[in-house]
Amino acid sequence: MSNSLPAATSPRAPSGTSNIARSFNEVTTGIRDRARSNSPVRRNSHNAGGSELSLWRTHNTFPKTEHNARMRAAEAFDHETKLPGKRNGALGSIGLEVLRCLLRLRGRKDGRLDPTYQWIADKIHRSRSAVGDALDRLKACGFLDWIRRCVPIEDAMPDDQQSEQISNAFILLQPPTVRECVRRMLRKPSEFVRAVAEKLARQKKLDTATVDDVIAEVQSPELRAILARVRAFVDSANPPSGHTEAL
């Protein structure tokens, strides 16, 4: 972690004015102001509320059965990577504790996962430095990634710090070997089997589909209307009786 830099100094408003403003904000929003960290924004930080939302939904939302399978697969991975005479594998016991903590903490509906290092350390009763090392190991082994985030300071003076660092957004991942292990545990079909099944299902649908079914699946309303008119013209030109109307 980078060393903290001294925050820029500026004339402060009288304490009474500050208290009035803070009280007004609490009354109007119902939320107590969060204390500023005054920490410098780190490189490659992104504004909160951006790409992490879709990444959370994509990678962090899965059923509880997969949650347990991922943890067992991570423990097997750590055992397989343990060298002779060593107590731990590539993840280490603290790495497994951190991963278990993150799996339990993730939002079940939106996948949100943004605890601070200190919160994780307090939760698993480890030091902050040990948690940081464990997170680095999880990332190096392909189990985790994160996005550095910051938020703007709305009422900052021109000469003051304009943004401040907040907690990272964590993304739960799986190395290829672990993903295959989880698939076998859950008895899910492989990607090849799933692709073949989807192809056969599409072909069967096309073989049994009528003209109306094909037209109804067209996304564009304009194109769907054109196809409907073409179909009506073809039907009028070729009536079911086989006899065209006299001109």
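Me: Are Trp146 and Phe170 buried or exposed?
Reply: Both Trp146 and Phe170 are buried, where buried means under 20% relative accessible area, exposed means over 50% and partly exposed lies in between, with a 1.4 Å probe and protein chains only. This is a predicted model, in which local features need pLDDT of at least 70 and side-chain atom pairs count only at pLDDT 80 or more, while totals for chains, interfaces and linings use all residues. Residues are numbered from 1 along each chain as its sequence is written, and side-chain values use heavy atoms, with hydrogens and water left out.

Me: And what is the relative accessible area of Phe170?
Reply: Phe170 has a relative accessible area of 0%, so Phe170 counts as buried. Trp146 and Phe170 form an edge-to-face aromatic pair, with 5.9 Å from centre to centre and 70° between the planes. Rings of Phe, Tyr and Trp (its six-membered ring) pair if their centres lie within 6.5 Å, and planes under 30 degrees apart count as stacked, over 60 as edge-to-face and the rest as tilted.

Me: Which parts of the chain does that pair link?
Reply: The pair links distant parts of the chain, as Trp146 is in strand S2 (residues 144-152) and Phe170 is in strand S3, 24 residues apart. Helices (H or I, at least four residues) and strands (E, at least two) are DSSP runs, numbered from the N terminus.

Me: Which residues make up the aromatic cluster?
Reply: Tyr117, Trp146 and Phe170 form one aromatic cluster, and Tyr117 is buried too, with a relative accessible area of 12%.

Me: What lies over the face of Trp146?
Reply: Lys139 does, at 4.5 Å from the ring centre. A charge sits over a ring if NZ of Lys or CZ of Arg is within 6 Å of the ring centre and within 35 degrees of the ring normal. The charged end of Arg106 likewise sits over the ring of Phe62, 3.8 Å from its centre.

Me: New topic: where is His125 found?
Reply: His125 is in the loop between helix H5 (117-124) and helix H6 (128-140), and at 70% relative accessibility His125 counts as exposed.

Me: What about the phi of His125?
Reply: The phi of His125 is near 60°, a positive value in a residue other than glycine. Most residues other than glycine have a negative phi.

Me: Last one: where does Val234 lie, and how exposed is Val234?
Reply: Val234 lies in helix H10 (residues 221-237), and Val234 is partly exposed, with a relative accessible area of 41%.
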